[in-house]
Amino acid sequence: MGKETKIITKNWGKINSQNIEAYIHAGGYEALKKFLFEMTPVSGVEEIKISRLCGRGGAGFSTGTKMESVQKEKSSEKYFICNLDESEPGTYKDRMIVDNDPHLLLEGIIISSLIVGANKAFICINGNYRKQAHILELAIERAREKGFMGEGILDSQYSLEIEIFSGAGAYICGEETALINSIEGHRGEPKARPPFPTQIGLFGKPTLVNNAETICNIPWIILNGGHEYAKIGSEKSPGTKLFILDGAIKNVSVVELPLGTSIRELIETHGGGMAKGKYFWFAQIGGSSGRLILEKDLDEKLEYDREAKIPVGSGAVLVVDRTVDIHEMLLSWTSFFRRESCGKCVPCREGTFRLWEIAKRAKDGKISERDLETIPDILWVLGNATFCPLGKFAAVAFFDAIDNFRKEILKEKNIN
Amino acid sequence: MKIRIDNNEYEASEKETILDVCRREGIKIPTLCHMKGVHEGVCRICLVENSGKLMTSCNTKACPQMDIVTQSENISRARKINLELLWADHAGKCATCKKNRRCELQNLTMLQKVENFRFVPKKEDLTQEEELDLLKDNRMRVVVDEGNSAISRTTELCVECRRCINICPTKELSFNNRSGDVVVGTPYQKPLDCIFCGQCVKNCPTGGITDKNDLDEILEKLDDPKKMAVALFDPALLESMSLEQPEIESQRKLVGTLKAVGFEAVFDLAFGMEIFIEKTIEKIKGNQSNNLILSHCPSLKLYIEKYFPEFSKNIIDVLTPDELMAIFVKTEYAKKNKINPKDIVVVSISSCVAKKIKKDTSLDYVITMREFGRIIRKKNIKISEVEGEEFSRDISPKNKEVSKMTRCGGAAEMIAREMGIEYIQANGVKDIKNIFISLRKKRIETKIIEAMICPGGCVGGGGQSNNIL
């Protein structure tokens, strides 16, 4: 397996993605057939565990382990949820998947649902993705006509219904418990864990929630085996990942690369280097909630690993050049989290609000001594005492900015 | 299993949370959003440390090999910052707040020794434009609801702990908006139109939801030498009064305090209950149908009208004991003692919030235990120095058993025994709902039904103080 392995993007730009015949012609739904007629749910989970595939939404939890725990639950009803509620700023990989290969996603959803024993799957799609919801609706219709879903899939004993659920585009609804609340018709806010959704999830039943990109890896693993998959990419987290290259680079694009690629390679080889006349300042990895990378850390490898210095997050790489005003960045991050906090717990609700106020003052060059004293306190409480990870993420970029660009943030003050 | 807390081993069961174990063992952990049976974990005050990681004790179940620390630098730092953040969003008008000195936020802030309030910008840091923005923002977010005569709400003092949302038996309240704009309110911010059981008022830690009252008017009348102020009090509820003012531990002390506050006469409400029972028996005798519903719980009447309107006709149409007694005071008592009824002010001190929505005008005011506490504090009465007194003998009940009525089922039991009929009793909305559903499906039938909305009857009423101070 070379570096050129394409799993998710193999059909992109090559076939007419809306056409199910074209997808089948390109080898589509073969994995489903293989699973239906040659494998059992238990052996399916075994393959995925061997592949060491981990969640591509950001947390990087082992997909196989999660699937196994849902599979082991004894319940007559189980649910599978495809998390397409993509709302991280600067991240649009899932949208690209639907645009370019909706049937790959569907095949992954069908196989994953059958593996865990769910006979109902939801695709929870961001409310702003109208066009993508329409594409999926058509794809589901075609797949049903072909007998890939519905009662008795391809005359086997398996059945599956897929429903598209359109959220209202709240960032927090990407968190799995909030997503479940949202589908149930409640306020989109996280629930306390345990119980984990794998035990008590949607409508109180065991539920598996996976990111759309994770799901797209499943057909390949079923078809080629977990051992093959485990050979791709980095030692710690094998497989490929969609990276979204954005900002002051030549080629703004989505690329599929093996995990373990360094940031420098991403920017210089695949992004075509810095755009003309721009000078690298820092890069943000993983959307608004991602860490800031300076020149010296560019050789860090991007992989899912608890000890990794740079978390991959959603895979968005934003390159920022010297012409950008750091105050604008601060304001953009803080106003995003101020708006998207669900308001449930105190540190996140009040802390993100106060950070936004401070960012506004910093922009006006009126940041006071008192503000400088409170910033570490707010960031600390966001990082350590919030209900769900949103609060933790809200502090990351701000923390790195204060850490690295303190002078730039305060400089404005002296000028005014 | 055994868990370690502060280097001591304690026995714990799987069902218990860390907070449960600590409370049982007498280890103090401050809480704000926690209530019995509700483990939201939203206020982040009850934090403890488990192997160096902060977690909320109220919604974390005990696990083997836990090593809990309840006091550390990090814990108190997080608590302080959280409280400071809450204060920054709180109006902080303590001096004029109805909950002053009975406020859990105030108390927590004192306990945690929060001294700095750094998060709100100082006026001198703001431009005129920013100040205007802040005012606009504030105006948008503050929702004041004074649309009924029992409960008043203002989101200005709310700390979004969600206790009211969780306690409300009919789920009237919820969060509106998102993030920093979150306010507790009704759907579409319509004026509150519920059964006014007052459990939300009882459980509100701050002044966000309070009794609607005319305290200034009452105080004026208490001090007016031309007016005769009469207090009605149910001695069975003495215990709930001591929740508000712990020094009031005996009936004599209570009556003495009422007199000290300015009431000329204090009557035992048990007399009103006797009239109530008499009138109810009369009505039952003249009614052949079954499933008659006793009417002394005003919340129940509203509940039936709202959720089971087909049973409205089953309610025995008798005024509440307080109203009946007020009528008696203003007619027979006034006549006997040659007092102009217009000069008598009848105030009932009750554990009921719904009684504030009264029908008869003879009863001038209904105040809750909390409001009585406020009067005592406003008038600066030193209860320890008050001399004990007895209830006025002018109107006193013949039957001592009547006071059982405040406990659930008391009235029905008494009437049933006297008339030799069947009865059903229930308390708490959950049970009551089940009974009415069974009635609707004609699964049960009886002569009279006594149902009380508050859990445990009036003893668990919404008009009491709930503060763990």
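1. Helix H7 (215-223), strand E11 (228-233), helix H8 (238-244), strand E12 (265-268), strand E14 (344-350) and helix H13 (369-378) of chain B are among the elements that cover the buried residues of H9(B); helices (H or I, at least four residues) and strands (E, at least two) are DSSP runs, numbered from the N terminus. The buried residues of this helix (251-261) include Lys253(B), Leu254(B) and Val261(B), where buried means under 20% relative accessible area with a 1.4 Å probe and protein chains only. Just after H9(B), Gly262(B) takes a positive phi of about 130°.

2. The model is predicted, with local features needing pLDDT of at least 70 and side-chain atom pairs counting only at pLDDT 80 or more, whereas totals for chains, interfaces and linings use all residues. Residues are numbered from 1 along each chain as its sequence is written, chains are lettered from A, and side-chain values use heavy atoms, without hydrogens or water.

3. Chain A is divided into domain 1 (20-230), domain 2 (240-321) and domain 3 (326-410), with bounds from an automatic or database domain assignment. The C-alpha centres of domain 1 and domain 3 of chain A lie 34 Å apart, and their contact (heavy atoms within 4.5 Å) takes twelve residues from domain 1 and eight residues from domain 3.

4. Between domain 1 and domain 3 of chain A about 880 Å² is buried, 71% of it given by carbon and sulfur atoms; this is the accessible area (1.4 Å probe) that two parts lose on being put together, summed over both. On the domain 1 side, Tyr171(A), Ile172(A) and Pro190(A) lose the most area to domain 3, together 55% of what that side buries.

5. Ile326(A), leaving aside neighbours within four places in sequence, is in contact with Trp281(A), Phe282(A), Ala401(A), Phe405(A), Glu408(A) and Ile409(A).

Methods: Buried < 20%, exposed > 50% of the residue type's maximum accessible area, 1.4 Å probe, protein only.
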